[in-house]
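Here is a short note to go with the structure, written for someone opening it for the first time. Please keep the view at hand and follow the points in order.

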Amino acid sequence: MLIGLFDGLFNGISIGSVLLISALGLAIVFGLMGVINLAHGELMMLGAYTTFVVQAGFKKLGEPWFDFYIFFALIFAFLVAAGVGVILERGVIRYLYGRPLETLLATWGVSLILQQFVRSVNWVLAIGIVIFCLLFFGSLWIVQRRSDFDRIRNWFVLVMLPLSLGIAIAVGNILSQTYKLAVNQPWFGAQNVDVSAPRWLRGGLPVGGFQLPYARLFIIALTIICVIGVYQFLQRTAWGLRIRAVTQNRSMSSCLGIPTQKVDALTFAIGSGLAGVAGCAISYLGSVGPNTGQNYIVDTFMVVVVGGVGKLVGTIVAALAIGTVNYLVGSGTLAILTAPIPPLSEFFTFFATTSMAKVMVFALIIAFLQVRPGGIFPQKGRTVDA
Amino acid sequence: MGEKILEIEDVTVSFDGFKALKNLNFSLDKGELRVIIGPNGAGKTTFLDVITGKTKPTQGRVLFKGKNLRSLKEHQIARMGIGRKFQTPRIYLNLTPRENLEITCNQQKKLWSTLFGKPKSAERQTVSGLLETIGLTANADLPASKLSHGEKQRLEIGMLVAQSPDLLLVDEPVAGLTDEETENVGNLLLALAQSHSIMVIEHDMEFVRQIARKVTVLHQGSVLCEGNIDEVQNDPRVIEVYLGQEVEHKQGAGSRE
Amino acid sequence: ANSPTTESSPNGTASPSAANVSTAAASGDGIKVGILHSLSGTMAISEKSVVDAEMLAIEEINAAGGVLGKKILPITEDGASNWDTFREKANKLIDEDNVVAVFGCWTSASRKNVLEVFESKDHMLWYPVQYEGQECSKNIFYTGAAPNQQIEPSVDWLLQNKGKEFFLVGSDYVFPRTANTVIKAQLAAKGGKVVGEDYLPLGNTEVTPIITKIRQALPNGGIIYNTLNGDSNVAFFKQLQGAGMNPDKYPSMSVSIAEEEVRAIGPDYLKGHYAAWNYFQTVESAANKKFVEAFKKKYGEDRVTNDPMEAAYIAVYLWKQAVEKAGTADDLAKVRTAAYGQTLDAPEGKITLNKNHHISKVVRIGEVRDDGLFEIVYSTDKAVAPLPWNQFVKETKGYSCDWSDPNKGGKYKSA
Amino acid sequence: MNPATDAIASSFNSSTAQKPVLQVAGLNVYYGESHILRNVDLSVTEGQMVCLIGRNGVGKTTLLKTIMGLIKPRSGAVTFAGQPITLKSPDKRAKLGIGYVPQGREIIPRLTVEENLLLGFEALPQGRKNHQKVPDRIFSLFPVLKTMRSRMGGDLSGGQQQQLAIARALMGNPRLLVLDEPTEGIQPSIILEIEAAIRDIIATTGISVLLVEQHLHFVRQADRYYAMQKGGIVASGTTSELSQDVIQRFLAV
Amino acid sequence: MTADAAIGRRGLKRGKKRSLLIEAGIIGAIALLLIFIIPTLISPFRLNLLGRFLSLAIVALGIDLIWGYTGLLSLGHGIFFGLGGYAIGMHLKLQVPQGELPDFMGLYGVTELPWFWHPFQAFPFASAAVVLIPGILAALLGYLVFRNRIRGVYFSILTQAATIVFFNFFNGQQKLFNGTNGLVNFKTLLGTAVGSRPSQFTFYVLTVLLLIATYALCRWLTSGRFGRLLVAIRDDESRVRFSGYDPTEFKVLVFAISGAIAGLAGAMYTLQSGSVSPRAMDVAFSIEMVIWVAIGGRGSLVGAVVGALLVNYARSFFSEQFAEIWLFFQGALFLIVVTVLPDGIVGWLRSSDLLRLGHRRQLSTYPEIEVNPEVQSERQEIETRSEE
Ligand SMILES: Nc1ncnc2c1ncn2[C@@H]1O[C@H](COP(=O)(O)OP(=O)(O)OP(=O)(O)O)[C@@H](O)[C@H]1O
Ligand SMILES: Nc1ncnc2c1ncn2[C@@H]1O[C@H](COP(=O)(O)OP(=O)(O)OP(=O)(O)O)[C@@H](O)[C@H]1O
Ligand SMILES: NC(N)=O
Ligand SMILES: [Mg+2]
Ligand SMILES: [Mg+2]
């Protein structure tokens with residue numbers, strides 16, 4: 001019984017910490033900036049792919065090095081995801097501030113593109129994209145300085161977009177004709193790629209009758225570190241205050257002398273970078289493939305909503321709570337516990353599969369929101385319903 | 001004294017321990033025009049929040065036409081005949097001023113009557129008349145988001161008038177209006193006062209002098225004093241906490257440096 | 001324009017497409033066939049390589065002179081992992097493009113959806129993946145395994161070699177659910193025991209609850225019978241190892257994990273687990289050697305081949321033989337009749353296409369090796385004849401299928 | 001009127017040959033296709049208080065927003081302290097020393113009063129250094145902010161928010177203070193204090209003020225006035241030359 | 001002045017009536033074109049495709065109603081669409097000889113028809129269920145959410161989660177709904193073969209008519225006082241309360257209507273595609289629906305229809321031409337529309353000078369200041385005064 005309880009708790013925390021580490025970046029990007037980033041999952045996926053690449057590199061270096069590749073992978077995953085995040089913010093999101101529902105649609109487009117990107121990226125595509133960006137954004141950068149830019153913007157896009165696209169495609173075609181397989185072969189392809197943990201992360205710590213997987217323990221530790229880091233950053237540095245100010249009132253913040261563009265880019269970079277770290281972490285639990293990110297996105301949003309938006313503590317509590325409930329229901333533990341009361345036990349048995357547990361958790365969340373519409377830690381005060 | 005339209009009995013509102021209203025007692029006669037003044041943060045807006053159901057009192061009762069409002073939702077209170085203009089203008093930005101007025105003018109606020117009812121021609125006339133009164137005829141069919149601050153203020157006053165509730169709660173109606181407009185609004189309120197009960201909150205003392213009959217001064221969540229405008233203006237406590245004196249204050253400000 | 005038969009890469013941006021086909025067809029020197037698989041969505045992971053194999057076969061045939069002297073012109077459509085899209089595209093291939101055969105589908109769900117299209121239009125689909133059986137359509141040729149050629153023998157083998165207690169894990173869709181129904185009936189008949197079963201939605205990777213259930217149901221070890229498809233497998237095996245449940249105590253038998261999947265999961269996590277198929281890349285035969293070499297030459301040294309790819313590859317060859325025997329590609333009834341009894345020296349060994357539209361195949365069980373390929377630990381002596389209707393399940397016991405005889409058809413009571 | 005301030009004002013007036021802090025020339029501003037500001041010229045000299053008057057909706061706020069950089073003009077130039085700033089973003093302008101109190105307060109609602117005030121430091125050239133405190137002079141000018149320092153900005157009453165907005169602008173020690181109806185919703189006694197404080201600040205630090213105001217009382221404190229009508233400046237001059245009668249004309253219909 | 005205004009308004013009203021007539025005329029013409037001309041021009045396959053896209057246009061109208069006009073972004077319309085499809089699908093699956101079960105049930109050992117399948121045997125019940133079940137579910141879900149004043153993004157995320165939940169449920173209930181496969185292989189409806197040319201043509205015509213009916217319904221809902229109120233709720237929901245309206249009622253009603261519309265669309269789609277599966281409740285599908293509306297032009301009913309048709313044709317085209325990379329196109333399309341054409345295609349056409357649809361709203365502006373006599377005289381007066 002005691003073991004069972006401990007087991008339940010550990011597994012609940014395990015699931016919860018995966019939810020939490022993937023929700024952390026979202027708590028910043030969505031909770032603070034108000035951007036519904038549906039590409040968050042794809043940023044995680046990029047983190048996971050980065051881990052794969054780093055791992056492949058270290059495999060070549062051989063044994064002692066391979067054991068430590070994970071730390072480099074974490075750093076690179078952060079950087080790659082943060083970099084893509086900045087591009088995303090500069091290229092798309094910044095036109096959409098204050099229109100959260102539109103960010104949702106745009107980032108959905110981005111997530112489709114990223115998914116297809118990892119499937120089909122090869123040298124031709126990579127070079128094509130670089131050429132396109134140089135042409136299009138280069139000219140945009142030049143034209144942007146004109147004072148009548150706002151008026152000619154649509155026309156500019158109408159002309160430059162097909163033009164740069166055409167040139168990029170032409171170059172790509174020439175390349176693929178000349179070099180064939182060497183440039184045409186996809187880097188990753190549509191298949192999943194394999195990320196193996198260093199030896200010390202495999203297996204687990206035996207406790208009583210069962211075993212605490214090292215990968216889970218590692219993720220729990222990583223989550224704790226990230227949470228503390230994020231908390232310190234937001235509460236203790238001037239940047240935290242700036243971020244909160246900018247996201248609540250962009251134009252006034254800029255009138256106060258806050259460089260809003262820098263703040264936006266930085267915030268988004270950190271949120272995305274955390275997604276990258278989460279991606280690295282989950283690559284030790286699940287698959288790394290084009291669809292990897294999709295599996296996490298809805299769950300992480302639920303965590304943020306249930307926790308109360310903009311509240312880090314809420315996100316933490318919600319992640320752990322949802323994780324535990326999910327585990328207790330899905331593993332049938334509740335059904336066993338309620339065995340003395342047959343109807344109740346039958347009820348829980350019906351929900352004791354992974355997919356039906358989701359149904360149950362959703363029902364519970366809706367019920368919970370009837371009592372606390374604002375989440376576990378709701379926002380209070382005059383402005384809430386103003 | 002006539003019939004009471006509004007009675008506030010011993011109302012306290014506290015936000016995390018801070019008491020914005022403290023054992024407030026207040027009553028308003030039917031057909032009365034009352035001006036409420038008081039320092040910033042005295043609790044005037046909170047007072048309106050309590051009446052309109054936006055905030056529930058921590059303690060005490062609010063009676064409107066003798067009925068306790070505690071268990072009613074905002075829209076139910078509004079349907080009983082309480083209308084409100086907010087301190088900072090709140091209008092529907094994606095509707096035109098005309099549509100803004102039409103919506104509030106509609107007296108059938110139930111779901112089905114809104115769906116199937118047709119606007120009466122009398123209502124349309126009221127709206128046209130009001131647009132002229134508030135000086136927005138020229139802008140009547142522009143989206144309201146394009147109005148300037150002062151125009152929005154006037155539109156919201158118009159919406160309140162269109163709603164024609166039994167009790168009008170008007171929070172700082174002339175902030176940001178020109179003197180001329182201020183006077184117009186004053187006249188409008190005076191005209192309305194013949195058939196409605198009105199509570200006005202304002203800091204513009206000239207305007208207060210124009211319309212005031214009886215003035216209530218709120219301070220720190222309770223009534224400091226009540227009386228006609230002259231009594232109130234000369235009350236030393238009101239001068240101390242609210243009106244101030246030019247010379248005295250200048251010294252005060254100077255000495256604080 | 002990129003003729004589909006030239007060296008243009010199927011991965012590049014310039015994919016073979018319908019663009020130039022109509023002109024070719026008009027000039028009468030080509031035979032149009034449809035390729036209908038998911039190139040996007042969850043199933044792209046698996047189906048993409050099946051397309052590769054089909055294109056390889058077509059290319060080889062064309063290089064060798066084509067069919068009836070004409071080139072095969074493949075028209076590729078994306079089913080997008082969406083059953084509805086599969087239907088739409090099947091309709092399009094048949095009605096708009098006038099193809100004479102379609103090679104396509106992976107999941108049983110997509111097959112069930114297009115089945116009606118092919119039947120109502122009396123057309124022809126070649127389906128290359130092992131499946132759950134309980135179906136025998138006049139308009140489909142099944143080149144993958146029927147349950148008695150994969151699932152049933154693997155269960156028998158487990159009962160003999162590994163134990164009696166089974167935990168069934170599967171993805172939440174028709175193939176695993178039906179397969180498990182079949183397995184339960186078989187175990188009941190042969191003295192095995194199912195101690196638990198659970199399903200994950202396709203794509204789900206949170207497997208902790210399932211692992212707990214397995215440990216609770218099988219505290220002292222036992223067999224995990226795995227019908228998970230796609231991504232979930234990765235999570236499942238990684239976390240199985242994390243939980244300390246090793247193949248010596250918890251051997252698993254998978255029917256949807258082949259060489260490609262092993263690479264994606266990582267051989268480190270799978271070593272010692274089992275899979276049942278009819279073909280492994282490690283099968284030793286001249287035909288297989290040729291197939292593997294050709295495939296690697298076209299798609300890269302690091303690629304591997306697997307059972308569904310092989311089944312797709314031979315599907316094209318079987319169709320070609322049938323067309324040549326019938327002397328026409330357009331008269332589908334003739335092609336169908338001509339197909340019965342076709343044999344082929346396939347990479348998996350000698351195979352025969354039966355009158356029940358399924359193939360007689362050798363059954364093999366493999367154990368994952370260090371290099372990610374399979375060590376074949378068991379194989380039947382000869383090809384096993386396919387039985388689409390399951391003989392353990394009460395409802396279908398005693399039924400057979402024979403399309404060569406108008407009186408028998410898809411489901412008849414055989415003695 | 002106070003003779004002392006008059007003296008100060010006129011002493012500044014007499015030296016108006018000084019360089020202008022802010023200069024706006026030929027400004028044309030559109031919202032979409034509607035032409036709001038037409039060829040607006042305006043300048044504010046160092047140490048001066050300039051008042052912009054006009055009826056509702058003539059474009060006063062629009063002008064101030066353009067000066068702050070919140071709206072891009074279609075043509076025309078804005079120069080601050082001799083530097084062209086037409087193409088600069090608002091935060092750069094704030095760093096150069098323009099402090100802005102917008103119409104409608106624009107408090108950051110979910111930050112505490114203290115945090116809102118600390119944001120005022122962002123305008124300082126080196127930005128906010130860590131652990132910088134709100135100076136006492138702010139709290140002595142607006143004592144209510146001190147008692148409310150840990151409350152959310154959005155929870156304050158309207159007048160308190162207005163005071164907070166002014167205090168926040170003062171935190172950055174601006175060279176030019178741009179005020180859009182700063183006394184709206186503030187109780188009379190505090191209006192008097194704010195007036196006094198602004199005059200005091202001008203006198204002691206020599207900053208300039210550009211003010212939009214409906215309160216005639218406040219308007220008369222200014223050195224110069226600009227009168228706007230339908231998006232254009234129709235009159236300007238020193239306030240001393242402006243009779244009560246003329247002011248009325250521009251504020252009345 | 002008042003007289004002038006009254007005349008002006010009456011003129012406006014007459015203008016409105018005329019433009020309403022013109023609109024009806026155009027729609028009638030399009031309907032005739034769709035029903036009588038198009039079928040002779042394109043192949044049955046393409047006609048079937050068009051019919052399905054037209055049913056998707058019906059959902060798009062429903063989404064525009066709640067998103068464009070009421071500001072509720074639902075990412076769960078796939079649920080309602082799917083339920084509508086299942087309702088008619090269940091009826092179709094029950095077209096088996098007396099005493100037999102739908103084919104798939106036998107496979108999973110179901111021996112008795114589950115209780116809730118029974119009423120679907122009656123065609124009137126099934127066709128009512130097509131709109132009622134989704135409508136009632138939407139009303140219930142909406143009530144639970146709106147009652148608590150949950151809105152905006154939170155509403156969207158909850159609906160998205162609901163989509164996953166329904167997907168899981170239908171996907172997992174192999175015995176009740178044939179799980180992932182969904183309901184396929186329909187035989188007859190009211191005695192005629194579902195897949196036959198005449199039936200399919202009937203469904204197509206029915207779809208066109210229902211699309212028009214839905215358009216009219218949405219038009220009516222959004223143009224009157226009710227429509228104004230929806231916009232008001234979008235702008236400032238709590239302000240609406242203080243005017244005496246209860247926004248919850250209104251939101252629940254439009255959400256329910258919109259859900260019912262989606263159910264109707266799902267049924268028509270199912271009849272023409274010949275299957276319904278949990279894929280209809282896929283998260284991606286619901287997001288796509290919203291994107292059709294965004295691309296066509298949110299807040300414009302024509303835009304919703306145009307968007308649905310355009311995107312689906314584009315997808316069909318791209319996936320045929322560039323099977324492997326059409327996802328890129330799709331993603332890029334969304335990005336471009338949201339960032340460059342925030343008001344969608346119709347919004348863009350309307351605001352640009354390319355198209356002057358009907359009476360374009362002229363933005364009022366002041367007369368040139370130099371020619372405004374009022375200003376001139378005032379300026380002169382001041383000048384003379386200060387000269388004095
Ligand atoms: N939700 C809240 N949480 C905390 N304090 C609040 C809240 N709402 C109001 N207060 C406080 O209650 C007091 C009264 O506010 P109220 O808005 O009623 O003042 P007021 O009299 O309208 O002032 P003003 O004249 O400035 O508009 C203020 O000190 C304000 O800070
Ligand atoms: N976002 C906008 N889009 C279009 N027009 C606008 C917009 N904002 C303001 N306007 C118009 O510009 C004109 C000037 O507005 P502005 O706010 O500058 O006036 P103001 O002089 O500050 O008035 P007030 O005294 O009422 O604050 C008004 O006619 C208004 O209708
Ligand atoms: N047939 C399968 N694997 O779905
Ligand atoms: Mg107030
Ligand atoms: Mg203004």
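1. A polar side-chain atom of B:Thr46 lies 2.5 Å from a ligand oxygen, and an N or O atom in the side chain of D:Arg151 is 3.1 Å from an oxygen of ligand 1. The protein covers 97% of the 640 Å² of accessible area that ligand 1 has on its own (Shrake-Rupley method, 1.4 Å probe; for residues, only the protein chains shown count as cover).

2. Before going further, please note that this is a predicted model, in which local features need pLDDT of at least 70 and side-chain atom pairs count only at pLDDT 80 or more, while totals for chains, interfaces and linings use all residues. Residues are numbered from 1 along each chain as its sequence is written, chains are lettered from A and ligands numbered from 1 in the order in which they are written, and side-chain values use heavy atoms, leaving out hydrogens and water.

3. Which chains surround ligand 1? Residues from chains A, B and D do, so the site is shared between chains. The shell has 24 residues, and among those that come nearest are A:Arg382, B:Thr45 and D:Ser157 (near means a heavy atom within 4 Å).

4. Turning to aromatic rings, the structure holds 53 aromatic pairs over all chains (rings of Phe, Tyr and Trp, its six-membered ring, with centres within 6.5 Å; planes under 30 degrees apart are stacked, over 60 edge-to-face, the rest tilted). The rings of A:Phe58 and A:Phe72 have centres 5.1 Å apart and planes at 35°, so this pair is tilted. A:Phe58 is buried at 11% relative accessible area, whereas A:Phe72 is partly exposed at 36% (buried is under 20%, exposed over 50%, partly exposed in between; 1.4 Å probe, protein chains only).

5. For A:Trp123 and A:Trp187, the ring centres are 5.0 Å apart and the planes at 70°, so the pair is edge-to-face. A:Trp123 is partly exposed at 45%, and A:Trp187 is partly exposed at 39%.

6. In chain C, ring pairs link C:Tyr279, C:Phe291, C:Phe295, C:Tyr299, C:Tyr313 and C:Tyr317 into a cluster.

Note on methods. A polar contact is a pair of N or O atoms within 3.5 Å; within protein, one must be able to donate a hydrogen and the other to accept it, and residues adjacent in sequence count only if both atoms are side-chain atoms.
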